[in-house]
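Morning, everyone. I'll take you through one structure, starting with a helix and then moving to the pockets. Here it is.

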Amino acid sequence: MGAKGLKALIVEQGGKNADPVLDPDTFKASAKILAKIITEDPFSGSMLPNLGTAALVAPVNSLGAFPSINATQGVFEGWEKISAEAMAEIQKARGGQMKHTGCSQCIVHCSNEYLDANGKYLTGSLEYETIWAMGGMTGIDHFDTIARLDFLCDDIGVDTMSTGVGIAVAMDSGYKAFGDQSAAIEMVEELARGTTFGNILGQGPAAVGEHFNNSRVPVVKNQSIAAYDPRAMIGNGISYATSPMGGDHTAGNLVGAYLGQVLNPLEKPGQVEMSRELQYFNAGADNMGMCLMVYASLNSPEARDAFLGVINGFLGPERAVADLSVLGRQIIDAEREFNRNAGLTNKDDRLPKFFYEEPLPPHNTVFPFSGEEIDKTFDF
Amino acid sequence: MRVMKLSVKIYGTLQQQVPGYQHSKGIEVELADGATARDLLTRLKISDKQMAVIVMDGQILKENDAMREGAPIHLLQPVSGG
């Protein structure tokens, strides 16, 4: 849409009242049960309000899956300095907020407000994926610099993940040194100034790789992967490869299945099926406007029934949803058809070559799935 | 019986479960040689409800897996994608 100069879409509902809740009793009773489940879940009820999404820095590094220095290492040497636990200590001393109502009416409060050394607001919310892209990938282990880079991206209006990974690719190409904090800030400021390099960085990591003739660019369908290396959390590689959106961490993220010991992150059995299951469920749940952060608490039949109760209490029996995964499958089928019509084929459902060729320390493994195996994700 | 000293670092809100825990130092726990992941959770009084995860050498330990002296041990909580 941006390429066509479109600035906004306005949807007018055609009346003064919001859509009516067709079955208020079911809606309220189910919402009450769902809210209790979400607030009692250890992740959405305790971890997120205390530490935010940055709480992922420790587990993903502990499992050797934190793509660092442009995805050449699975454990970032300075990760303890950019962990949620470190942020909490820094912000406690400065009077910052680790728990903050980022979204209206939210019951999770995963947001934060990051203050600088003088106690002045620097950015918020500082999230896991930003800490990874601007920290681990670029070799920067200084929280205030990462926070400054986050602020700049928000201010300019660009994505922190694509921008951070673009900086990492530039560093990997020898343009600047990994860990050079002022160079990273300068690169993002160039975006705003519209310099030659700034314009390239603004087009994302694939454009940066093309400019420097560097094929070590961690993207799928030109979108950056996320903070889970597909050589150490191999099911996430399946999701990056097959998601119609490209290397997306919200489409079907298996990290919860690994830490919940449902699957071994390095072994193939079950990964394709789990990626498919999550991609279908997430597409259905996303469509309802629900936040990804609470999906982990929706695993039990009781939780899923309550969630459907909220949806169907709102929609009423005529438009009732029976199964979110069935709905999600319809959505993904439509997205795949859109991609096919746009000229994408199964050859675009592949990871960059280096993930198959360069073993990632400390496990020293490569991405193990063939193209044929990847294609079975949705053609099963 | 030989005793082994384990260096444990605790992450997430589990830190609040262990009185006096200081993250910069971690915690040293003495257990009998061959002690399992389950033994460590019992010693630290971390209940099953917390669903704690123990990682050693980049691998998640099952509850009956033995721990090794000298290996850094991370005590984590289950998290989902963010």
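In α11 of chain A, the buried residues are A:I234, A:G235, A:N236, A:G237, A:I238, A:S239, A:Y240, A:A241 and A:T242. Buried means under 20% relative accessible area, with a 1.4 Å probe and protein chains only. Helices here are DSSP runs of H or I, at least four residues, and strands are E runs of at least two, numbered from the N terminus. Nine of the nine residues of α11(A), 234-242, are buried, so the helix is largely enclosed by the rest of the structure. Its buried residues pack against β4 (219-220), α12 (255-259), α13 (271-287) and α17 (371-375) of chain A.

A word on the source. This is a predicted model: local features need pLDDT of at least 70, side-chain atom pairs count only at pLDDT 80 or more, and totals for chains, interfaces and linings use all residues. Residues are numbered from 1 along each chain as written, chains are lettered from A and ligands numbered from 1 in written order, and side-chain values use heavy atoms, without hydrogens or water.

Now the largest pocket. A pocket is an open set of points on a 1 Å grid over the protein atoms alone, where a 1.4 Å probe fits, with protein on both sides within 12 Å along at least five of seven lines; lining residues have an atom within 4 Å of a point. It has 44 lining residues, and A:D41, A:A296, A:S297, A:N299 and B:M51 are the closest to its centre. α13(A) gives the largest share of that lining, five residues.

The second largest pocket has 28 lining residues. Nearest its centre lie A:Q105, A:C106, A:G289, A:M290 and A:C291. α1 and α14 of chain A each give two or more residues to that lining.

Notes:
Buried means under 20% relative accessible area, exposed over 50%, partly exposed in between (1.4 Å probe, protein chains only). Contact means heavy atoms within 4.5 Å.
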